[in-house]
Amino acid sequence: MDELIELLEEINPEAEYRTCETLIDDGFLTSFELVMLVTQIQQTFGVTIPPTRIIPENFNSAESIYNLIRELGGDC
Amino acid sequence: MLLVSYKFAAFFAGLAVVYYSIPRRYQWVLLLAASYLFYAGGGPVYLLYPMATTLSVWLIARRLSAMERPSKRLLLLGLLLNFGILAVLKYTNFALGNLNRLAGTDYSVSWVLPLGISYYTFQSMGYLIDVYHGKYKAEPNLARFALFVSFFPQMTAGPINRFDAMKQELFAEHRPDSVRIWTGAQRMLTGYFKKLVIADRIGPAVSAIIASPEVFDGPYVLLGMLGYTVWMYADFAGGIDIVIGAAQILGIRMTENFDRPFASRSLAEFWRRWHMSLMQWLREYIFFPAASSRFSQKTAALFQKWFGKKCGRKAPVYIANLTVWLIAGIWHGASWNFVVWGLANCVVMLISAELTGVYRKFRKRFAFTGRKWYRCFEVVRTFLLFCWLEMFEYYPFMTVFAMTANLAASLASGSLADGRLQLLGLERADWLALLISVLLLVLSGILTGEKRISARIRRSPAWMQYAAVFGLFLAVLITGVYGRGYEASQFIYNQF
Amino acid sequence: MKAKWKIPLILTAAASLLLLAGLQRLLVPKYMGKVVEGSFIEEYYKEDTPHDVIFLGDCEVYENISPVTLWREYGITSYIRGSAQQLIAQSYYLLEDTLRYETPKAVVFNVSAMQQYEQENETYNRMTLDGMRWSSSKWNAIRETMTDGEHMLEYLFPILRFHDRWKELESDDLRYFFTKKQVSHNGYYMRADVRPVGNLPVERRRRDYSFDDRAWEYLDRIRLLCEQNGICLILMKAPSLYPAWYEQWDAQIREYAQEHGLQYQNCIEAADEIQIDFTQDTYDGGLHMNVYGAEKMSRYWGKILSEIPGVEDRRTDEKLAAVWNAKGEYYDAMKAQQEQEFAQFGYLVQFYTEE
């Protein structure tokens with residue numbers, strides 16, 4: 001989890017990732033940043049996120065991102 | 001059949017009456033028959049195109065759905081076949097034109113594009129990809145799927161609907177609901193207002209301006225730029241209003257295509273609110289897949305090695321963005337102008353993406369950025385940026401910059417009040433009608449945004465609402481640009 | 001539905017329809033100024049005395065015959081049902097329409113419309129057809145003569161055709177909103193200005209002098225309708241020097257008349273007998289007669305029409321005399337005013353177009 005937070009902060013340091021649940025909806029992550037994040041996650045955690053899973057619900061909070069990575073078999 | 005014709009009015013009114021008088025479980029069958037009738041209006045041969053798409057996509061999707069691991073090859077076959085038809089029909093002349101320029105030849109073909117081919121192709125390809133990914137099961141009934149592909153209102157101007165949302169709407173049984181029918185009729189009316197009073201009035205004048213930049217320079221560049229945007233919006237959003245309103249009368253809810261785009265505070269936001277169904281489609285089926293494609297990821301790794309982590313991370317975004325805008329550009333029109341227009345949008349979007357961090361800091365640092373006037377400034381800036389980018393659609397690439405410079409130079413001294421205004425073919429009354437109706441549009445947009453006021457308007461007494469709608473109807477009836485128009489001189493008996 | 005709702009609903013619907021009807025009335029051209037021909041067809045319905053003779057045709061009847069003169073000199077009551085570029089099919093349906101109100105003793109049909117069956121200019125259709133009262137005749141006339149791009153709906157609701165006039169509404173639209181003024185003299189279009197015959201375009205030779213089959217068909221239908229109603233049909237060709245009336249055409253009409261026992265008067269040939277002076281009796285250089293020419297034509301036609309059984313001198317009928325005297329006064333007043341204007345300016349103010 002800490003590693004993920006680190007990644008997120010690297011992309012946009014302005015958000016409170018441990019509590020925020022509207023990362024996409026409130027524009028803390030633009031779609032560009034989202035794609036950067038996905039690239040980063042795939043490299044760091046060795047998972048492949050299929051395009052169909054890149055939907056706001058999966059990226060609105062650090063927790064849901066974490067769950068997604070776990071679900072896809074990533075180690076974090 | 002055009003949405004703006006007596007024929008369509010008669011067709012639609014007749015359909016609505018029959019629709020609500022037959023047994024409800026046959027309603028969708030009637031819609032399919034009506035859709036094919038509507039489509040055959042342009043010549044029965046054209047029916048073959050949506051039928052081919054319907055059949056091929058239906059078959060492939062059924063097959064994909066039945067497989068334990070859906071075959072990628074099969075998906076590609078479906079995509080290539082249907083995008084192939086679209087590409088051949090829409091872009092052959094563009095390709096030949098380029099060939100001609102290189103080789104000095106003179107080839108061209110004169111195919112007439114089947115109505116709405118871009119819309120229904122994109123819509124059915126979305127369906128195919130969704131089925132491939134297992135988002136939902138393939139539709140077993142061919143006739144039902146045929147209705148999804150060729151439901152007549154969307155055949156003229158979109159929106160690009162999604163199957164999972166549409167199937168509940170299309171195949172459900174609908175009982176007549178006076179409120180829904182009345183709202184649908186109002187929606188259609190606003191569409192006709194945008195189209196007939198605004199778009200069809202300003203269209204010819206704007207076409208004249210943008211067709212001859214050497215005649216219409218200086219302040220006319222600004223007039224053309226603003227007018228073009230008004231024209232595009234009124235024409236497209238008006239068409240969509242008619243489509244969505246018509247569907248609503250039949251009890252069918254469609255996805256929205258515009259969400260007051262001119263209230264956007266950035267270009268990225270603008271593109272989430274303008275032609276939403278296409279942009280959504282591109283985001284879902286192009287942007288994310290392109291970003292996570294093997295090619296993107298390999299490039300990212302390579303860039304990371306060569307230029308560092310930051311660069312590597314950005315590579316997929318750049319690739320995905322470029323792909324989306326190339327497609328968006330060429331989707332809008334088969335010419336280099338549209339390609340350049342797409343790329344120009346892409347460049348602006350990438351620059352602003354690069355500056356996201358700076359913006360965030362800027363906003364945090366200065367309190368005034370939260371003020372209302374600053375928001376207004378952002379809205380105006382975004383609007384002008386969009387208008388300016390549209391220039392790439394209608395001027396040759398270099399002309400855009402020349403005309404921009406020309407416009408800037410004339411801002412201080414230029415005036416519209418010279419003989420050129422007469423060349424545009426609009427009378428004083430037309431300009432006045434345009435001004436009032438555009439203001440009306442802006443006002444209604446602002447009011448819709450103010451939740452409290454719009455709620456109060458909805459609660460206003462019935463007679464007031466009726467008066468407003470009837471007033472709008474009269475405005476369309478009288479000041480709409482339709483029929484052969486009236487010129488007193490035509491009616492002067494010329495003695496023979 | 002509750003009774004509480006019924007009344008407001010009916011009132012709203014009525015108010016909306018009234019407003020629509022009012023707007024339509026406002027926007028439809030009034031044809032009271034430079035272009036008065038658009039009012040002619042409609043004016044017929046104001047008549048409340050019968051006519052022994054009905055003239056049918058285009059400008060070659062409504063500019064060339066003066067019913068007032070026919071009355072004054074022969075006591076013949078007549079009306080001209082003609083309008084600009086009136087097609088033969090339209091003349092037929094106008095005859096049908098007329099027969100709903102009266103049965104004349106004689107119908108004079110001007111044959112110039114034989115040469116062109118289809119309408120070339122939609123505005124002429126509107127001037128002819130909009131004035132007709134609604135009936136199956138009007139419906140059929142529209143169906144038969146509509147040009148491409150015209151639509152029945154635009155005749156049912158003329159606002160759809162004329163809505164664009166909101167930009168050029170003029171004071172006439174308000175002045176004649178409720179009632180229109182009289183502009184014709186029993187369908188006659190008065191012009192008291194003079195423009196002598198000048199250089200007319202050369203008559204081109206044609207490859208084909210045959211009339212359209214549909215024109216023949218409608219000529220037959222006019223003839224049969226007259227036969228059925230015991231009306232004497234006379235064919236006429238007005239003394240217009242242009243557009244040309246070819247010998248070949250004339251021969252065909254002559255043959256048709258002979259075959260069916262009809263009288264056919266070619267007034268170009270009879271111009272001398274009628275005593276037309278083409279330097280004085282035309283207002284547009286030989287295309288149409290002015291009032292002096294029309295009066296001469298009427299004197300000539302009066303003689304022909306008097307011969308027809310049933311066409312009588314009705315000057316002794318007091319009621320008719322009163323009606324026609326009023327018509328005569330209006331006629332004289334207009335003529336005097338036009339003469340005065342023409343003497344003063346050299347043109348008629350109402351019809352003057354800057355060139």
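Let me start with a definition: helices (H or I, at least four residues) and strands (E, at least two) are DSSP runs, numbered from the N terminus. Hello everyone, and welcome to a quick tour. This is a predicted model, in which local features need pLDDT of at least 70 and side-chain atom pairs count only at pLDDT 80 or more, while totals for chains, interfaces and linings use all residues. Residues are numbered from 1 along each chain as its sequence is written, and chains are lettered from A and ligands numbered from 1 in the order in which they are written.

Let's begin in chain C, with a loop. C:Asn186 sits in the loop between helix H10 (171-175) and helix H11 (213-228) of chain C. Its phi is near 50°, a positive value in a residue other than glycine. For background, most residues other than glycine have a negative phi, and most peptide bonds are trans. Is C:Asn186 buried or exposed? A residue is buried if 20 or more other C-beta atoms lie within 10 Å of its own, exposed if 12 or fewer, and partly exposed in between, with C-beta atoms placed from the backbone. C:Asn186 has 26 other C-beta atoms within 10 Å, so it is buried.

Now to the sheet of chain C. In what order do the strands of this open sheet come? There are 5 of them, arranged S2-S1-S3-S4-S5, and the pairing is parallel. By pairing I mean that DSSP finds at least two bridges between two strands. At the edges are strand S2 (78-82) and strand S5 (263-266) of chain C, each of which pairs on one side only. On average, neighbouring strands are turned by 20° against each other, direction ignored.

Let's walk along it. Strand S1 (residues 53-57) of chain C is joined to S2(C) by 5 bridges, and C:Val53 has C:Ser78 as its bridge partner in S2(C). Another 5 bridges join S3(C) to S4(C), where C:Asn110 has C:Met236 as its bridge partner. S4(C) and S5(C) then pair over 4 bridges, and the partner of C:Leu235 in S5(C) is C:Tyr264.

How many residues of S4(C) are buried? The count is 6 of its 6. Both faces are covered: C:Cys232, C:Ile234 and C:Met236 are buried on one side, and C:Leu233, C:Leu235 and C:Lys237 on the other.

Helix H12 (residues 247-260) of chain C lies across strand S4 (232-237) and S5 of chain C, running at about 155° to S5(C). For such angles, axes are lines fitted to C-alpha atoms, for helices over the stretch in contact, and the angles run from 0 to 180 degrees between N-to-C directions. H12(C) has 14 residues and reaches 20 Å from its first C-alpha to its last, close to the expected 20 Å; that expectation is 1.5 Å times one less than the number of residues. Just after this helix, C:Gly261 takes a positive phi of about 65°.

One more stop in chain C is C:Gly293, in helix H14 (residues 291-306). C:Gly293 counts as buried because it has 27 C-beta neighbours inside 10 Å. Leaving aside neighbours within four places in sequence, C:Gly293 is in contact (C-beta atoms, placed from the backbone, within 7 Å) with C:Asn64, C:Ile276, C:Asp281 and C:Thr282.

On to chain B. Its secondary structure comes to 22 helices and 0 strands. The radius of gyration of chain B is 25 Å, close to the 23 Å that the globule rule gives for 496 residues, so it is as compact as a globular protein of that length. That radius is taken over C-alpha atoms, and the rule is 2.2 Å times the number of residues to the power 0.38. Buried residues make up 36% of the 496 residues in chain B.

Two loops in chain B deserve a look. B:Pro159 is in the loop between helix H7 (154-157) and helix H8 (163-171) of chain B, and the peptide bond from B:Gly158 to B:Pro159 is cis, with omega near -5°. B:His275 lies in the loop between helix H11 (267-273) and helix H12 (276-291) of chain B, with a positive phi near 45°.

Finally, how do the chains meet? The contact between chains B and C takes 26 residues from chain C and 20 residues from chain B.

Terms used. Contact = placed C-beta atoms within 7 Å.
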